[in-house]
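Visitor: I would like to go through this model with you, asking at each step what a term rests on.
Guide: Gladly; let us look at it together.

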Amino acid sequence: MELAKIELARDDFDKRIGGGIPYGSLIVIEGEESTGKSVLCQRLTYGFLQNRHSVTYVSTQLTTLEFIKQMNSLDYVVNKKLLSGALLYIPVYPLIADNKKKDGFLKKVMETRAFYEKDVIIFDSLSSLIANDASEVSVNDLMAFFKRITALKKIIICTINPKELSEEVLTIIRSSATILIKTELFIFAGNIKNVAKILKYNMAPGTYQKNIVFRVEPKIGLAVEIASVA
C-alpha cells in the first residue's frame, strides 16, 4: 500500500496514525467548534508539504493572510510553498460571511478542476459549504464525486461540524469516509485537552492509536500527549 508521508521531526503524530495516509483516502474530521479540527488539518498540511506532497486547502474560515499568520504562529511556515505552487490556498470565507444561502457552492466544488490537481485536497469546513448552498446538488452526488477523485490516487480531507448538518446528511458523509475522526475536548488532571478519536480506518497501513490526545502550542504546533481517555 502506497502512503503519503506526514512525518515531522518535532512530533510522532504520523506514528500514532499508522505511519502515513493511504492514497485513495476520504478523511472526515468531525467535531464541534474549537475542538481541534482545523489544527489537525494544518498539521496534516504542513506534514504533507514537508514530505513533498502538494496540497489544495479550501477554507471557509480564514483569509489568505490570516491562514499564513495562523500557520506561522504554529511554526508551520508555508510561505515558500505558496510561492512555489506546492500549496494552493483558496479562501471562500468572503462568500459565506453574510450567512445567506447561495447557489453554486457544491457545483463549483465539483466543477473546479484546479482543486483536484494536487495530491491532497482539504475542505475546512465542508459542512459550512453544504449549509450555505442552495443548489440542487445532493450530498450523495458530492460524496460519489469525491470517491471518484480519490480513486485517482488522491487524498481528500473534510472537516464537518455536526451542528450544521441534518442527521441524514451526517450519515451519508460518515458512511462515505474511509477514515472517520471525531475531535472532542475533555478534562485531564484539571486541564482541558483535545482528543482525536479514530472511529473508522479502512486500509489502515499499520497499528494506529484510536484515541490521540494532543494540545496546541504557539511555535510548536500540534503536540501529542500521553494521556488516558475515559
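**The pocket and the rings**

Guide: By class, the lining of the largest pocket has 3 nonpolar, 11 polar and 4 charged residues, where Ala, Val, Leu, Ile, Met, Phe, Trp, Tyr, Cys and Pro count as nonpolar, Asp, Glu, Lys and Arg as charged, and the others, Gly among them, as polar. This is a predicted model, in which local features need pLDDT of at least 70 and side-chain atom pairs count only at pLDDT 80 or more, while totals for chains, interfaces and linings use all residues. Residues are numbered from 1 along each chain as its sequence is written, and side-chain values use heavy atoms, with hydrogens and water left out.

Visitor: Which residues lie nearest the centre of the largest pocket?
Guide: Of the 18 residues that line the largest pocket, E33, S34, K37, S38 and Q61 lie nearest its centre. The largest share of the lining, 3 residues, comes from helix 2.

Visitor: Why is the pair of F145 and F146 called tilted?
Guide: A search of the whole structure finds 11 aromatic pairs. The rings of F145 and F146 have their centres 6.3 Å apart and their planes at 45°, and rings of Phe, Tyr and Trp (its six-membered ring) pair if their centres lie within 6.5 Å, with planes under 30 degrees apart counted as stacked, over 60 as edge-to-face and the rest as tilted; the pair of F145 and F146 is therefore tilted. Ring pairs also link F145 and F146 with F115, Y116 and F123 into a cluster.

Visitor: What makes F145 count as buried or exposed?
Guide: Buried means under 20% relative accessible area, exposed over 50%, and partly exposed in between (1.4 Å probe, protein chains only); F145, at 11% relative accessibility, therefore counts as buried, and F146, with a relative accessible area of 0%, is buried as well.

Visitor: How are Y201 and Y208 classed by relative accessible area?
Guide: Y201 has a relative accessible area of 8%, so Y201 is buried, whereas Y208, with 24%, is partly exposed.

Visitor: What places K153 over the face of Y23?
Guide: K153 lies at 5.6 Å from the ring centre of Y23, and a charge sits over a ring if NZ of Lys or CZ of Arg is within 6 Å of the ring centre and within 35 degrees of the ring normal.

Definitions and conventions. 1 Å grid on protein atoms, 1.4 Å probe; cavity = no way out; pocket = protein on both sides within 12 Å on 5 of 7 lines; lining within 4 Å. Helix = DSSP H or I, 4+ residues; strand = E, 2+ residues; numbered from the N terminus.
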